[in-house]
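Dear colleague,

I am handing over the structure we spoke about, and it is shown just below.

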Amino acid sequence: MSDFSKMLGAPLNPSRRRAIRNILLGGAALSVGARAVAGAKPVATKARIVVVGAGAAGLGVAARLSQRLDGAKITILDARKRHLYQPGFTLIAAGLHGASYSVTETAHWIPRNVDWIEEAAAAFDPAGNSVTTTSGKKISYDFLVVAAGIQLDYASVAGMDVAQIGKNGLGSVYASPEAAEATYRAMSAFTDKGGRGLFHRPATEIKCAGAPLKYTFITDDAARRKGNRGKVELLYAAHNKSFFSVPIFNEKIRMLFEDRGVKSVKDHVIKAIDIGARRASFDTPTGVETIDYDFINLVPPMRAPEAVRNSELPWKTGGWAADGWIEVDKHSLRHPRFPNVFAVGDIAGVPKGKTAASAKWQVPVAVDHLVADIAGGKSTASYTGYTSCPLITKIGRAMLVEFDYNNNIMSSFPGVISPFEELWVTWLIKAIGLKPTYYAMLRGEA
Amino acid sequence: MGQLSIATLIAIFQEMLGPVVFWALVVIAPLGLIAFLYVLIAQRGVFSRAFLRAEVIGLIGGTLSVFVLLTLTNSSITDMGGPIDIIALASVWIGGAIGSAMIAYTIIGLLLKRRSD
């Protein structure tokens with residue numbers, strides 16, 4: 001890089017240097033940050049490590065542990081035969097891909113020296129260092145990494161029926177790739193016919209907080225492309241007083257909504273839905289309010305899976321206790337009460353980010369601490385809360401929203417790709433860059 | 001921010017293109033470059049007739065590269081939102097144009113050499 005600086009004839013500041021390097025190397029937001037210890041000799045150990053969950057975080061952990069340890073007995077628990085590339089759901093729901101775009105086989109991603117038990121965890125006993133599977137099998141461990149993901153709590157929205165997604169103007173991008181595809185059909189029918197499109201998010205923590213916003217913009221774009229924007233009213237019901245938790249981006253989204261003619265109401269938390277009548281009920285500060293719609297993208301409340309909620313692992317107090325997110329130190333991802341337990345990905349009770357990009361940055365940190373424990377050393381790796389979201393504002397353009405725990409902007413391409421501009425290059429990152437990066441992450445190579 | 005290593009990039013491009021296509025390209029690209037240099041050296045400079053034809057093919061190749069990328073990414077020229085987009089699009093066109101011109105020049109040069117032999 002110093003040679004490159006000399007070529008330009010002027011010293012480069014570190015952030016500008018990083019931006020140029022990323023562009024030269026064709027990197028994307030998710031791809032920055034390689035192996036922490038590339039080339040390091042594996043640590044010999046007989047440690048028994050259980051990883052709960054074979055999603056983005058769990059597979060990444062299993063892959064990196066298998067690279068960094070020699071002789072460890074690594075077991076991964078997950079009943080799902082399908083691995084879902086969830087960042088692709090919005091593209092499926094935009095009609096750009098079929099459901100198969102996000103589907104691969106879990107077996108394909110399991111590292112060779114990792115045992116896969118095709119069952120979910122039914123109970124955790126962190127004091128006794130064991131996990132019990134749904135068939136009653138008890139697995140003891142020396143270290144536990146919980147990457148159990150999220151439970152979509154559709155049942156807590158009265159009247160909701162997942163089987164109805166795609167019918168009666170009911171969409172819900174999150175449920176599955178098939179539901180995302182069905183959501184596109186419902187959205188497409190709505191943008192053909194016109195009426196009121198209703199968008200919202202629940203008051204719980206959710207996966208990718210940008211996704212409900214993205215789908216509002218995607219629907220706006222679909223209506224415009226059909227020349228039907230005049231027949232379509234778009235209404236976003238925010239769960240609190242903002243659209244996005246990071247103030248600087250919230251303000252930008254407010255401006256974009258104004259530009260696109262998206263109306264909004266604040267402090268609306270979904271409570272119930274009447275699918276047949278196309279009517280949603282919201283808790284508001286002034287009581288329950290109902291809103292009629294022709295199309296809705298229903299975002300379910302999200303909580304920790306039941307087995308985690310029923311264990312000793314979640315926070316006991318504070319904002320994350322009620323929904324069962326696991327108590328961890330937000331920088332090391334280590335459990336403070338059970339130091340041989342780590343939590344990564346959506347299940348981690350940390351202040352920011354339930355995204356693949358968060359998992360990408362959490363996994364090497366937790367793995368580094370775990371391996372240091374085995375090796376008898378101390379890790380200095382720290383997760384800053386970095387997360388990113390290529391916020392689609394129309395098909396063909398997106399904003400590269402990146403931030404950390406402190407709501408600081410964390411640009412991967414400072415001075416080159418503005419986080420506040422709707423850009424085609426950001427769309428390229430989303431459309432063709434993220435999926436291969438995500439899959440490289442599952443292999444522990446990105 | 002961590003480091004973006006060559007190993008990471010190789011992993012990403014392998015996932016993007018598939019290992020067979022990726023490694024085939026890794027092998028073919030230097031061979032193509034060697035063939036291009038061979039033609040240049042064998043002809044002791046640029047052969048004007050071949051160069052002119054290669055330039056025309058380069059124009060088509062650059063345009064085709066842009067068209068393919070826009071099609072693959074469901075986007076259009078109207079999606080350009082800022083200077084970096086124009087730079088990126090121009091880079092794609094230039095890369096496609098230079099690449100296809102080099103391929104065309106090499107093939108034409110090799111054919112002409114074969115004929116003259």
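If residues within four places in sequence are left aside, A:Thr75 is in contact with A:Ile49, A:Val50, A:Val51, A:Asp115 and A:Ile117. Please keep in mind throughout that this is a predicted model. A:Thr75 belongs to strand β4 of chain A, which covers residues 73-77, and with a relative accessible area of 5% A:Thr75 is buried. For a sense of distance within the chain, A:Glu258 is 183 residues away from A:Thr75 in sequence, and the two C-alpha atoms are 50 Å apart in space.

One of the contacts of A:Thr75 is A:Val50, and A:Val50 in turn stands opposite A:Leu144 in strand β11 of chain A. Strand β2 (residues 48-52) of chain A pairs with β11(A) in the parallel sense, over four bridges. Strand β23 (residues 341-343) of chain A is also parallel to β11(A), and three bridges join the two; here the bridge partner of A:Leu144 is A:Val341. In a regular strand, side chains alternate between the two faces of the sheet. In β11(A), which spans residues 143-146, A:Phe143 and A:Val145 point one way while A:Leu144 and A:Val146 point the other way, and all of them are buried.

Strand β8 (residues 121-125) and strand β9 (residues 130-133) of chain A pair in the antiparallel sense over four bridges, with A:Ala121 standing opposite A:Thr133. Four residues lie between these two strands, and in this hairpin A:Asn129 takes a positive phi near 55°. Strand β9(A) is then joined by three bridges to strand β10 (residues 138-140) of chain A, again running antiparallel, and A:Thr132 stands opposite A:Lys138 there. The hairpin of β9(A) and β10(A) also has four residues between its strands, and A:Gly136 in the turn has a positive phi of about 95°.

Further along chain A, five strands form an open sheet with parallel pairing, in the order β13-β20-β14-β15-β16. At the edges stand β13 (170-171) and β16 (263-265) of chain A, each of which has a single partner strand, so one side of each is left without a neighbour in the sheet. Within this sheet, strand β14 (residues 195-200) and strand β20 (residues 295-297) of chain A run parallel and are joined by three bridges, and A:Phe199 has A:Asn297 in β20(A) as its bridge partner. Helix α6 (residues 177-193) of chain A lies across β13, β14, β15 (232-237) and β20 of chain A, and it runs at about 145° to β20(A).

A search of the whole structure finds zero disulfides over all chains. A:Cys208 is in no disulfide, and the nearest cysteine sulfur, in A:Cys389, is 4.0 Å away. That separation is too far for a bond, because a disulfide is counted here when the two sulfur atoms are within 2.5 Å.

Not counting residues up to four places away in sequence, B:Leu69 touches A:Trp424, A:Leu428 and A:Ile432 of chain A, together with B:Val92 of chain B. B:Leu69 is buried, with a relative accessible area of 16%. B:Val26 is 43 residues from B:Leu69 in sequence, and their C-alpha atoms are 21 Å apart in space.

Lastly, some values for chain A as a whole. Its secondary structure comes to 11 helices and 26 strands, and its C-alpha atoms fill a box of roughly 65 × 65 × 40 Å along the principal axes. A compact globule of 446 residues would have a radius of gyration near 22 Å, and the 22 Å of chain A agrees with that. Of the 446 residues, 60% count as buried. Among contacts in chain A with a separation of 6 or more, 66% are between residues 24 or more positions apart. The accessible surface of chain A comes to about 16,700 Å², of which 51% belongs to carbon and sulfur atoms.

With kind regards

How values were computed. Residues are numbered from 1 along each chain as its sequence is written. Chains are lettered from A and ligands numbered from 1 in the order in which they are written. This is a predicted model: local features need pLDDT of at least 70, side-chain atom pairs count only at pLDDT 80 or more; totals for chains, interfaces and linings use all residues. Side-chain values use heavy atoms; hydrogens and water are left out. Two strands pair if DSSP finds at least two bridges between them. Contact means heavy atoms within 4.5 Å. Axes are lines fitted to C-alpha atoms, for helices over the stretch in contact, and angles run from 0 to 180 degrees between N-to-C directions. The radius of gyration is taken over C-alpha atoms; the globule rule is 2.2 Å times the number of residues to the power 0.38. Buried means under 20% relative accessible area, exposed over 50%, partly exposed in between (1.4 Å probe, protein chains only). Accessible areas come from the Shrake-Rupley method with a 1.4 Å probe; for residues, only the protein chains shown count as cover.
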